[in-house]
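Please look over the sequence and the model shown here before reading on. The report below describes how the chain is arranged.

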Amino acid sequence: MKIPFYNDSEHYKTVGTQLIPPGETREVDATMLPGYAAAELALDDDAPVHIVDSLLAGSLHELLSAIPVLAREDLELLGEREQAEGRRKDVLAAVSERLLTAASEALGLPGARSDEQDDEPSGEHQAAGADAAETAAAKGKKK
């Protein structure tokens, strides 16, 4: 988190990798300041909350019911956070299953749940079967 830092001394000050001239203000990483304490830097109550943070703070039922509609990036973040904290194996299993299903759908692999993909192969098999029947009939006539 970056915060403004005012150099009130008569000399240049270095904060992290920044050189701050006397009497000037620069945004610096708060963790680079001496005496840094996260509690002193209160977050704004109106600050937006990430969906994963909101889900992790809620109930397990709400979290599991939201997994099918989460974006891939949010699913990956949720999986990383659950894995790091090592709390709930059922959440990790649901996230993994959803990510695998999404990957299968994207690649068009068998077992994917897309209706378009189910229609196309059957049409191709019917066309291939008709072509094979015509070819067999043509060979039979030549003999």
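The sections below go from the overall layout to the cores and then to the charged pairs.

## Overall layout

The model is predicted. The protein has five helices and four strands, and from the N terminus on their order is β-β-β-β-α-α-α-α-α.

Of the 143 residues, 19% count as buried. The accessible surface of the protein comes to about 10,700 Å², and 54% of that surface belongs to carbon and sulfur atoms. Among contacts with a separation of 6 or more, 35% are between residues 24 or more positions apart.

## Helix 4

Helix 4 covers residues 89–107. With 19 residues at 1.5 Å a residue, helix 4 should span 27 Å, and its end C-alpha atoms are 27 Å apart, so the two values agree. Just after helix 4, Gly-108 takes a positive phi of about 70°.

Which residues of helix 4 are buried? They are Val-91, Leu-92, Val-95 and Thr-101. Their cover includes helix 2 (60–66) and helix 3 (72–85). As background, an α-helix has 3.6 residues a turn, so residues three or four places apart point the same way.

## The nonpolar cores

The largest nonpolar core has eleven residues: Val-52, Leu-55, Leu-56, Leu-63, Ala-66, Ile-67, Leu-70, Leu-75, Leu-78, Val-91 and Val-95. Helix 1 (51–57), helix 2, helix 3 and helix 4 each supply at least two residues of this core. Helix 1 gives the most, with three residues. Apart from this core lies another, of seven residues, among them Val-15, Ile-20, Ala-30 and Leu-33.

Leu-63 belongs to the core of eleven residues. Leaving aside neighbours within four places in sequence, Leu-63 is in contact with Leu-55, Leu-78, Glu-82, Arg-88 and Val-91.

## Phe-5 in strand 1

Phe-5 is in strand 1, which runs over residues 2–6. Is Phe-5 buried or exposed? Phe-5 counts as buried because its relative accessibility is 17%, and the cut-off for buried is under 20%.

Beyond its neighbours within four places in sequence, Phe-5 is in contact with Lys-13, Val-15, Ile-20, Glu-24, Thr-25, Arg-26, Val-28 and Leu-33. Phe-5 and Ala-30 are 25 residues apart in sequence, and their C-alpha atoms are 8.9 Å apart in space.

## Salt bridges

Side chains of opposite charge can pair when their charged atoms come close. How many salt bridges does a search of the whole structure find? The search finds five.

One of them joins Arg-26 and Glu-24, with the closest N and O atoms 2.8 Å apart. Arg-26 counts as partly exposed at 33% relative accessibility, and Glu-24 counts as partly exposed at 34%. Asp-53 forms a salt bridge with Arg-81, where the closest N and O atoms are 2.5 Å apart. Asp-53 lies in helix 1 and Arg-81 in helix 3, so this pair ties together parts that are 28 residues apart in sequence. Asp-53 is partly exposed at 32% relative accessibility, and Arg-81 is partly exposed with a relative accessible area of 27%.

Glu-73 forms a salt bridge with Arg-72, the closest N and O atoms being 3.3 Å apart. Salt bridges that share partners join Arg-72, Glu-73 and Glu-76 into one network. Glu-73 is partly exposed, with a relative accessible area of 46%, and Arg-72 is partly exposed as well, with 47%.

How values were computed. Residues numbered from 1 in each chain as written. Predicted model: local features only at pLDDT ≥ 70, side-chain atom pairs only at ≥ 80, totals over all residues. Heavy atoms only, no water. Buried < 20%, exposed > 50% of the residue type's maximum accessible area, 1.4 Å probe, protein only. Contact = heavy atoms within 4.5 Å. Areas by Shrake-Rupley, 256 points an atom, 1.4 Å probe, with all protein chains shown as cover. Expected span 1.5 Å × (residues − 1). Core = buried A, V, L, I, M, F, W, Y, C linked by side-chain atoms within 4.5 Å. Salt bridge = Lys/Arg side-chain N within 4 Å of Asp/Glu carboxyl O.
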